[in-house]
Amino acid sequence: MNNETCRFEEQVIDAIRSNDWTADLESHAASCPVCHPTLKAASAMRRLSASMAGAEYPPVNHRALWFRAQIVRRERRLSIVDLVLFLSSLGVALAGLVAIVLWNWDSLCALLGGISPASGSQLSLLIVAGGAALLWVLTEELFFSDK
């Protein structure tokens with residue numbers, strides 16, 4: 001979905017309502033990445049309204065339906081932004097972990113070899129482990145909670 005605006009979008013909506021199209025506006029609506037989804041949604045709503053014409057349903061509030069669709073679109077966009085932030089944070093954390101491992105490579109080899117490492121490298125490893133745990137807790141809260 002596109003979150004941009006077009007200066008002709010209101011004119012397209014008015015033309016959809018009144019069915020009063022100019023050739024320029026019709027060609028613009030067919031090719032514009034902002035106006036074309038509006039045109040498709042309006043034609044789908046018109047077909048739906050025509051199919052429900054003889055049924056005993058209450059009238060559809062098209063304005064409320066449109067606003068609900070806009071809210072859903074913005075929520076999807078926000079969830080994508082949250083995902084990008086999470087992935088960038090994860091990348092920074094992994095880069096930090098790699099930097100710490102490379103910085104303390106000799107101490108890490110000594111630790112894995114059974115030789116007692118210096119207390120500074122243990123502290124670095126504890127900081128990395130704590131950072132990873134904090135990142136995990138934050139992602140659980142942001143992405144997997146029932147909002």
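Trainee: Hi! Which residues of helix α1 are buried?

Mentor: Hello! This is a predicted model, and in helix α1, which covers residues 9–18, the buried residues are E9, V12, I13, A15 and I16.

Trainee: And where do they sit around the axis of α1?

Mentor: Looking down that axis, you find the buried residues of α1 within an arc of 160°, so they line one face of the helix.

Trainee: Why would residues a few places apart point the same way?

Mentor: An α-helix makes a turn every 3.6 residues, so residues three or four places apart point the same way.

Trainee: Nice. Which exposed residues are on the face of α1 turned away from the buried side?

Mentor: That face carries E10 and R17, both exposed.

Trainee: Switching to α3: which of its residues are buried?

Mentor: They are C35, T38 and A42. Those residues cover an arc of only 55° around the axis, which puts them on the same side of α3. Turned away from that buried side is a face with the exposed residues K40, R47 and S51.

Trainee: How far apart are the end C-alpha atoms of α3?

Mentor: They are 24 Å apart, and that agrees with the 24 Å its 17 residues should span at 1.5 Å a residue.

Trainee: Zooming out, how many helices and strands are in the chain?

Mentor: Six helices and zero strands.

Trainee: And what share of the chain is buried?

Mentor: Of its 147 residues, 17% are buried. The chain exposes about 11,400 Å², with 64% of that supplied by carbon and sulfur atoms.

Technical notes:
Residues are numbered from 1 along each chain as its sequence is written. This is a predicted model: local features need pLDDT of at least 70, side-chain atom pairs count only at pLDDT 80 or more; totals for chains, interfaces and linings use all residues. Side-chain values use heavy atoms; hydrogens and water are left out. Helices (H or I, at least four residues) and strands (E, at least two) are DSSP runs, numbered from the N terminus. Buried means under 20% relative accessible area, exposed over 50%, partly exposed in between (1.4 Å probe, protein chains only). Accessible areas come from the Shrake-Rupley method with a 1.4 Å probe; for residues, only the protein chains shown count as cover. The expected span of a helix is 1.5 Å times one less than its number of residues. The arc is that of the directions from the helix axis to the C-beta atoms.
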